[in-house]
Amino acid sequence: MLRIAVALVIAMAGCSAGGPPRERERCDAGLVTQSDGFPEVEGTARDAELWGLLFTGPPPLPRGEEVKIVWRMTGDGPLKVSAALGDGTPAQLVWGPEAHGGSTWQRPGQEWGTGFVFPKPGCWEIRLSRTRGSGQVWLSVR
């Protein structure tokens, strides 16, 4: 009986927390708060370094509202950005990526701004790629 109760609690925790455990771990990792109050997240990348600055506050991000994210990514070539849930649902890229000439945000690489609308709650994978360099950031949406 105790095993059944424990299994039920574990199953319910997995269902209510917004996705499989591996996705939740990705969404919970890597968040750092900047001294100016904007949270930033470090992405995982190949042949590049990747950072995102969130202009909405820390995750979970709001669903159905425009979210501004500024990216810094090393590498070469133009930036391509997309976001999707594990079930294939895409986020709407409302604007961007727009190249920025510079700012006071000190991370390596060139800088771009984007605006996304995330239509559903969950753990979203945002993929970024350049001619040389690619990476992703996982962000939770409520």
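A: Let's start with the wider setting: of the contacts in the chain (heavy atoms within 4.5 Å) between residues at least 6 apart in sequence, 60% join residues at least 24 apart. This is a predicted model, where local features need pLDDT of at least 70, side-chain atom pairs count only at pLDDT 80 or more, and totals for chains, interfaces and linings use all residues. Residues are numbered from 1 along each chain as its sequence is written, and side-chain values use heavy atoms, with hydrogens and water left out.

The chain has two helices and ten strands; these are DSSP runs numbered from the N terminus, helices being H or I with at least four residues and strands being E with at least two. Along the sequence, the pattern reads α-α-β-β-β-β-β-β-β-β-β-β.

Now for the sheet itself. Four strands form an open sheet in the order E3-E10-E9-E6, and their pairing is antiparallel; two strands pair if DSSP finds at least two bridges between them. Strand E3 (44-46) and strand E6 (80-84) are the edges, each pairing on one side only. From one strand to the next, the twist averages 20°, with axes fitted as lines to C-alpha atoms and angles running from 0 to 180 degrees between N-to-C directions.

Strand E10 (residues 134-141) runs antiparallel to E3, and three bridges join the two. Take Arg46: its bridge partner in E10 is Ser134.

Stepping back out, 37% of the chain's 142 residues are buried, meaning under 20% relative accessible area (1.4 Å probe, protein chains only).

Methods: Buried means under 20% relative accessible area, exposed over 50%, partly exposed in between (1.4 Å probe, protein chains only).
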